[in-house]
Amino acid sequence: MSSPDLILDALRMRLRAAGITYKTLSERIGVSESSVKRMFGQKDMALSRLAEICQATGIGLEDLLRGAIEARPQLDALSLTQERSIVANPRLLLMAICCLGHWSIEQIIETYNLTEAECITLLAELDRLGLIELKPLNRYLLRVSNAFRWLPDGPVQHFFRENVVSDYFSGRFDGAGEALLCLPARLSPASALELSLKIDQLAAELARLHRNDRRLPADERKGHTLLLGFRSWELAAFTALRR
């Protein structure tokens, strides 16, 4: 569904919620009811007309646009082919991670050895792959949901295991706000499922904090990574000691 379609659908929903019929709307903006029906039916409405309708009905234009964005179909995961394409190019993977972190193209250029032209090319490729929607002035919108996850045992997860885990755990974890825990427990399947759901809640909380802190200046934020693993497991050296 295109952006204009989403905007008109959002407007139609808000009119319905406010109890405003096409007849009532036609009277407020001074056109025939058939003209109003045609505007919505053909999904052909000028921005000036949209602003006029919002003013006549008390619907905030910004709220309407925000609602249209929130109604956009969003992915919880990419396909195997999409992930393979991203992992095949380390720079494309870097750009994907930056986009998921809501970095601007200016921040990426300032931080990494990438030119503006290279960034635009990479953003265009991520647009083609469905991770983002590239907008004018090299801005973008994510096309994935807050529940987005890389495929379990997929190409990106394989890359992380081979290249990220050892580098990540080589740190001391003694900085402000840092932590490293390894907590064994014997749990029933029901308890294990309960903890897994709590991990999902923790991931959602991290996403919320990340969204809120995007309002802060860039120099007041720094990169943090939460790496979680939870599975039935025993260290091989300990298993070798079992009776």
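This briefing walks through some helix packing, a few single residues and the cysteines of the structure above.

The model is a predicted one, so local features need pLDDT of at least 70 and side-chain atom pairs count only at pLDDT 80 or more, while totals for chains, interfaces and linings use all residues. Residues are numbered from 1 along each chain as its sequence is written, and side-chain values use heavy atoms, with hydrogens and water left out. Helix and strand names follow DSSP runs (H or I of at least four residues for helices, E of at least two for strands), numbered from the N terminus.

**Helices α6 and α7**

- Two packed helices are described by the angle between their axes and the distance between the axes.
- Here, helix α6 (residues 80–87) packs on helix α7 (residues 90–100) at an angle of about 110 degrees, with the axes 6 Å apart.
- That makes α6 roughly perpendicular to α7 (angles under 35 degrees count as roughly parallel, over 145 as roughly antiparallel, 65 to 115 as roughly perpendicular, and the rest as oblique).
- The axes are lines fitted to C-alpha atoms, for helices over the stretch in contact, and the angles run from 0 to 180 degrees between N-to-C directions.
- On the α6 side the contact is made by Ser85, Ile86 and Val87, and on the α7 side by Pro90, Leu92, Leu93 and Ala96 (contact means heavy atoms within 4.5 Å).
- Sorted by type, the residues of this α6 and α7 contact are six nonpolar, one polar and no charged (Ala, Val, Leu, Ile, Met, Phe, Trp, Tyr, Cys and Pro count as nonpolar, Asp, Glu, Lys and Arg as charged, and the others, Gly among them, as polar).

**The two sides of α6**

- Gln82, Glu83 and Ile86 are the buried residues to look for in α6 (buried means under 20% relative accessible area, exposed over 50%, and partly exposed in between, with a 1.4 Å probe and protein chains only).
- Look down the axis of α6 and its buried residues fall within an arc of 95 degrees, so they line one face of the helix (the arc is that of the directions from the helix axis to the C-beta atoms).
- Over on the other side of α6, Thr81 and Arg84 are exposed.
- As for partners, the buried residues of α6 pack against α7, α9 (116–129) and α10 (155–163).

**Helices α2 and α4**

- Helix α2 (residues 22–29) and helix α4 (residues 47–57) cross at roughly 100 degrees, and their axes come within 10 Å.
- α2 and α4 are therefore roughly perpendicular to each other.
- Leu25, Arg28 and Ile29 of α2 meet Arg49, Glu52, Ile53, Ala56 and Thr57 of α4 in this contact.
- The α2 and α4 contact divides into four nonpolar, one polar and three charged residues.
- Within α4, the buried residues are Leu50, Ile53, Cys54 and Thr57.
- Seen down the axis of α4, those buried residues fall within an arc of 100 degrees, so they line one face of the helix.
- Ser48 and Gln55 are exposed on the other side of α4.
- Just past the end of α4, Gly58 takes a positive phi of about 75 degrees.

- Arg12 sits in helix α1 (residues 3–17) and counts as buried, at 19% relative accessibility.
- Setting aside neighbours within four places in sequence, Arg12 is in contact with Tyr22 and Phe40.
- Glu33 belongs to helix α3 (residues 33–42) and is partly exposed, at 31% relative accessibility.
- Tyr22 turns up again here: Glu33 and Tyr22 are 11 residues apart in sequence and 6.1 Å apart from C-alpha to C-alpha.
- With neighbours within four places in sequence left aside, Glu33 is in contact with Tyr22, Lys23 and Ser26.

- Most residues other than glycine have a negative phi.
- His102 has a positive phi, near 65 degrees, and is placed in the loop between α7 and α8 (105–111).
- His102 is partly exposed, with a relative accessible area of 26%.
- Asn138 also has a positive phi, about 60 degrees, and lies in the loop between β1 (132–135) and β2 (139–142).

**Cysteines**

- The disulfide count comes to zero (a disulfide is a pair of cysteine sulfur atoms within 2.5 Å).
- For Cys98, the closest cysteine sulfur is in Cys99, 7.0 Å away, too far for a bond.
- Cys98 is buried, with a relative accessible area of 2%, whereas Cys182 is exposed, at 67%.
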